[in-house]
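Good morning, colleagues. Please bring up the sequence and the structure, and I shall take you through several regions in turn.

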Amino acid sequence: MAHLRGKRTIRWSAATVALATGVSLLAPQVVSAQTTTTSTELAVQFIEKEFAAANGLISGPAGTPDIGLNQDLLLSLNALDPDSAEIDAAYAAIEPKLEGYVSVADSVLSDRLAKTVAFQDALGVRDADFIAQLVSAVQENGQIKNLKNGEATTAINNFSQAWGVLALHRVGETEAAERATDFLETQVCSDGGVQLASAVEPTCNSTDSDVTAMAAQALTLANGAQDPTTQATLDYLVTTMDETGGVENTWTGVNSNSTGLVGSAFALVGDKENYLKARGYLASVQFGQDAAPSLQGAFAYKAEDKENSQV
């Protein structure tokens, strides 16, 4: 079938996008000459091979189809090569599973819903029911909560709150988006970091690079890169990088996933210096043409994983 997007997505550098879970949806304005064609093409080929080999949905660590993982990989592929022949086939396999992914019995899982609305928008798809459910999940104070029989229950975490802000702004639900943004701003701690747990009064005992990177991208879309709160999150992200350009996560240490998220935030706001630092680390953990064919283009989670050929 013909590509289902009504608009094209500006492609990103592979080093900030490919295989980074929770990949951002905003296209950063980075000098294209900084992108190594070979690394980009290899990343595209790796993702395409993963989809082709799955003949439908790619399985996660549990050995069963992982919708979130498939969304991440398809977002990456769409960002790297929006003309890829695998995009429509992959979406066709994912789309019938989305209703069951965001809703279980009489409950709506608003974290999955927020990401799904943003995911579909990136591919030019609008689901009016999903969008209406997401709007109804935004509380008066802007906090996004799960729903049961249409009533709010527990709050989603701040990583997903940021997905909600991105999604609501992108689909034009301005009033709900502004409330969700206002709440996300309250989650930014004095050091600029954001904790994972959403709370009306955050303790700020443990802030996190991944969550802050997503919040920074959402706040950039909502308020602009020069907004003081956005700037605070970006300043925090600088402190999470080590001398290699790698970014440390609270729980797992320096890794490519966290570095991809943080590098995307720097790319989005045009901070080339820190973007290129992050890209340098990611380039060091990508499997190149000297690797086994099944690994070429993939990224190791950590530097030591590359030595053990773990993707």
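This is a predicted model: local features need pLDDT of at least 70, side-chain atom pairs count only at pLDDT 80 or more; totals for chains, interfaces and linings use all residues.

In helix α9, the buried residues are Ala176, Ala177, Arg179, Ala180, Thr181, Phe183 and Leu184.

The chain contains 14 helices and eight strands. It has 311 residues, of which 53% count as buried. If we take the contacts between residues at least 6 apart in sequence, 63% of them join residues at least 24 apart. The accessible surface of the chain is about 12900 Å², and carbon and sulfur atoms account for 49% of that surface.

I turn next to the sheet. Four strands form an open sheet with antiparallel pairing, in the order β1-β2-β3-β4. Which are the edge strands? They are β1 (103-104) and β4 (151-155), each of which pairs on one side only. Within the sheet, strand β2 (residues 107-108) runs antiparallel to strand β3 (residues 145-148), and two bridges join them. Valine 108 has leucine 147 in β3 as its bridge partner.

Helix α6 lies across β2 and β3, and runs at about 110 degrees to β3.

How many aromatic pairs does the structure hold? It holds one. The partners are tyrosine 91 and phenylalanine 119, and the pair is tilted, at 5.9 Å centre to centre with 35 degrees between the planes. The pair links distant parts of the chain, since tyrosine 91 belongs to helix α4 (residues 86-94) and phenylalanine 119 to helix α6 (residues 110-122), 28 residues apart. Are these two residues buried or exposed? Tyrosine 91 counts as buried because its relative accessibility is 5%. Phenylalanine 119 counts as buried as well, because its relative accessibility is 0%.

Two further residues deserve a word. Threonine 230 lies in helix α11 (residues 228-239). At 0% relative accessibility, threonine 230 counts as buried. Setting aside neighbours within four places in sequence, threonine 230 is in contact with Ala216, Leu219, Thr220, Asn223, Gly224 and Ala225.

Where is glutamate 201 found? Glutamate 201 sits in the loop between β5 (194-195) and β6 (207-208). With a relative accessible area of 71%, glutamate 201 is exposed, because the cut-off for that class is over 50%. Glutamate 201 and glutamine 187 are 14 residues apart in sequence, and their C-alpha atoms are 8.0 Å apart in space.

Thank you for your attention.

Key. Residues are numbered from 1 along each chain as its sequence is written. Side-chain values use heavy atoms; hydrogens and water are left out. Buried means under 20% relative accessible area, exposed over 50%, partly exposed in between (1.4 Å probe, protein chains only). Contact means heavy atoms within 4.5 Å. Accessible areas come from the Shrake-Rupley method with a 1.4 Å probe; for residues, only the protein chains shown count as cover. Rings of Phe, Tyr and Trp (its six-membered ring) pair if their centres lie within 6.5 Å; planes under 30 degrees apart count as stacked, over 60 as edge-to-face and the rest as tilted. Two strands pair if DSSP finds at least two bridges between them. Axes are lines fitted to C-alpha atoms, for helices over the stretch in contact, and angles run from 0 to 180 degrees between N-to-C directions.
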